[in-house]
Amino acid sequence: MFERNKVDNAPEQTAVAVEATLDDGRVLKGRLAIPMSRTIQDVLNGAGAFLEFEPFDGERHFIAKASLRSVRLLSPGKSPNLGARLRDTEGFDPHTILGLSGAACWDDIKVAYHRLAKLYHPDRYNSAELPSEVRDYLATMARRVNAAFSALEAPQQVRKQAVAQQSVPIFTSPARA
């Protein structure tokens, strides 16, 4: 099977947010591109003479390792709201999660589920550079949407099975010869 986001023969890379101080005193803030299989320490201490750097507000270019005075990792700020929303498991109400009233019909439930499933589906954000906290939030919301739909779908499935059982004959006579 092929993968959509890969370029043939190109190593898979990730970006690490850094603040780099150069020998001339300039401070650059942006992302260093590093292979997925290596750490930033491996890349900085490795054999290559240049680093691929993309400023937050500019175009990608290469920096000579010899011109670096220091490199400091930048971490994304923590958002207390995301963590609180992940822990909010009390009062699991499938209708509220899907954004519906308690009296919503089955067609409205399906429409709301499909809309939210598309919104939170992990493949939609696969190629985006997101902090791990945001990725965790999106994955949790996808699970909650699926759980809400499953909870609302269960009675529907029971009704379908009951109707199917009623249409099955109780007795059939053997074939006559």
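Two residues are said to be in contact when heavy atoms of the two lie within 4.5 Å. Leaving aside neighbours within four places in sequence, Val145 is in contact with Ile97, Leu98, Tyr113, Leu116, Ala117 and Tyr120. The structure is a predicted model, in which local features need a pLDDT of at least 70 and side-chain atom pairs count only at pLDDT 80 or more, while totals for chains, interfaces and linings use all residues. Residues are numbered from 1 along each chain as its sequence is written, and side-chain values use heavy atoms, with hydrogens and water left out.

Val145 also belongs to the largest nonpolar core, which has 17 residues; such a core is a set of buried Ala, Val, Leu, Ile, Met, Phe, Trp, Tyr and Cys residues joined through side-chain atoms within 4.5 Å. Here buried means under 20% relative accessible area, exposed means over 50%, and partly exposed lies in between, with a 1.4 Å probe and protein chains only. Within this core, Leu98, Ile109, Tyr120 and Val145 touch the most other members. Helices α4 and α5 each supply at least two residues of the core, and α5 gives the most, with 8 residues; helices are DSSP runs (H or I, at least four residues), as strands are (E, at least two), and both are numbered from the N terminus. Apart from this core lies another, of 13 residues, among them Val16, Ala20, Leu22 and Val43. In soluble globular proteins, nonpolar side chains tend to be buried together.

Aromatic rings were examined next. Rings of Phe, Tyr and Trp (its six-membered ring) pair if their centres lie within 6.5 Å, and planes under 30 degrees apart count as stacked, over 60 as edge-to-face and the rest as tilted. By this rule the count comes to 2 aromatic pairs. The rings of Trp106 and Phe149 have centres 5.6 Å apart and planes at 25°, so this pair is stacked. The pair links distant parts of the chain, since Trp106 lies in helix α4 (residues 106-120) and Phe149 in helix α5 (residues 132-167), 43 residues apart. The rings of Tyr113 and Phe149, with centres 4.1 Å apart and planes at 15°, are therefore also a stacked pair, and this pair joins α4 to α5 across 36 residues. Phe149 counts as buried at 11% relative accessibility, and Tyr113 is buried as well.

Lys110 and Glu153 are 43 residues apart in sequence and 9.1 Å apart in space, C-alpha to C-alpha.
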